Amino acid sequence: MNLLIYKTQEELQEDLVDYIVAIANKAIEEHDMFNFVLTGGNSPKALYHSLATTYKEKIDWTKVYFFFGDERNVMPTHESYNGLMAKNAMLDLLEIPEDQIFYVDTTLAPEKAAIEYTKAINAHFKGSDLNFDLILLGMGDDAHTASLFPGTSILNSKEVEVDSVFVEKLSTYRISFTAPLINKARNIAFLVFGENKANAVKHVIEDKKKNTKLYPTQLIQPIDGSVTWFLDDAAAALLDS
Ligand SMILES: O=C1O[C@H](COP(=O)(O)O)[C@@H](O)[C@H](O)[C@H]1O
């Protein structure tokens, strides 16, 4: 595990963009495409905007395929739809063609949306190993990542797939990569900042005895790939060293 801690969100973001650019270019050099899984929520907005503006020329975007690690069960036009956030912050600015973006179809029932998304991923990787080049993840202050929320049924999944899950505390369904699917990635990067995340960061990174029901992000342990945490000082404040 690589742990990178920055004084400010701006410094964190600059380094994370450089990291993404390096992985993208290596993937394109090695297998002529970059399969990039995006995180949702609020944290990545500025990062996505920066990739699409200041860093626009650093990647051959015609070779990038975009996926979503989780999605909210709202219509694609809803402000909470993770796909819409990424579209507005990055994908439209880069003029990425629709056939390079794998949105979750939330016009379907959540179970069906998850099945169709799994099928779309399998079809994209057909004939090759299902390894995303980079999965970008956030983490909530309750230690959820993607839509792997504390105490939910999806935490027990052993399947390499996308699943739907009812999140009782939000009274809503989510559609999410399972932990086994995330753990197949070549690279995983966590983008986490702000003091409200400090307690979750401490438990996820330092607990010797894991409690994945309470801290689902502890499930993220790549089989073969790398995991890198990009934290700011506030999120890292409770770490021992
Ligand atoms: O609900 C969600 O929250 C997490 C964390 O979001 P953040 O804005 O606090 O970083 C996010 O990773 C996930 O994709 C999203 O659906």
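This text walks through a predicted model, taking the sheet, a helix pair and the ligand surroundings in turn.

The sheet comes first. Strands of a sheet pair through backbone hydrogen bonds, in either a parallel or an antiparallel manner. Here six strands form an open sheet in the order 1-9-8-5-2-3, and their pairing is parallel. Strand 1 (2-6) and strand 3 (64-68) stand at the edges; each has a single partner strand, so one side of each is left without a neighbour in the sheet. On average, and with direction ignored, neighbouring strands of this sheet are turned by 20° against each other. Opposite F36 stands L134 in strand 5.

Next comes the helix pair. Helix 1 (residues 9-31) and helix 2 (residues 45-52) have axes that come within 10 Å and cross at roughly 55°. Because an angle between 35 and 65 degrees counts as oblique, helix 1 is oblique to helix 2. Their crossing is right-handed. Helix 1 contributes Q13, L16, V17 and I20 to the contact, and helix 2 contributes A46, L47, S50 and L51. By class, this contact has six nonpolar and two polar residues, with no charged residues.

The ligand remains. Around the ligand there are 14 residues, of which G40, G41, N42, S43 and G138 come nearest. Sorted by class, this shell has ten polar, three nonpolar and one charged residues.

Conventions: Residues numbered from 1 in each chain as written. Predicted model: local features only at pLDDT ≥ 70, side-chain atom pairs only at ≥ 80, totals over all residues. Near = placed C-beta within 6 Å. Nonpolar A, V, L, I, M, F, W, Y, C, P; charged D, E, K, R; others polar. Axes fitted to C-alpha atoms, helices over the stretch in contact; angles between N-to-C directions. Helix = DSSP H or I, 4+ residues; strand = E, 2+ residues; numbered from the N terminus. Parallel < 35°, antiparallel > 145°, perpendicular 65-115°, else oblique. Left-handed = near helix turned anticlockwise from the far one by under 90°. Contact = placed C-beta atoms within 7 Å. Pairing = 2+ DSSP bridges.
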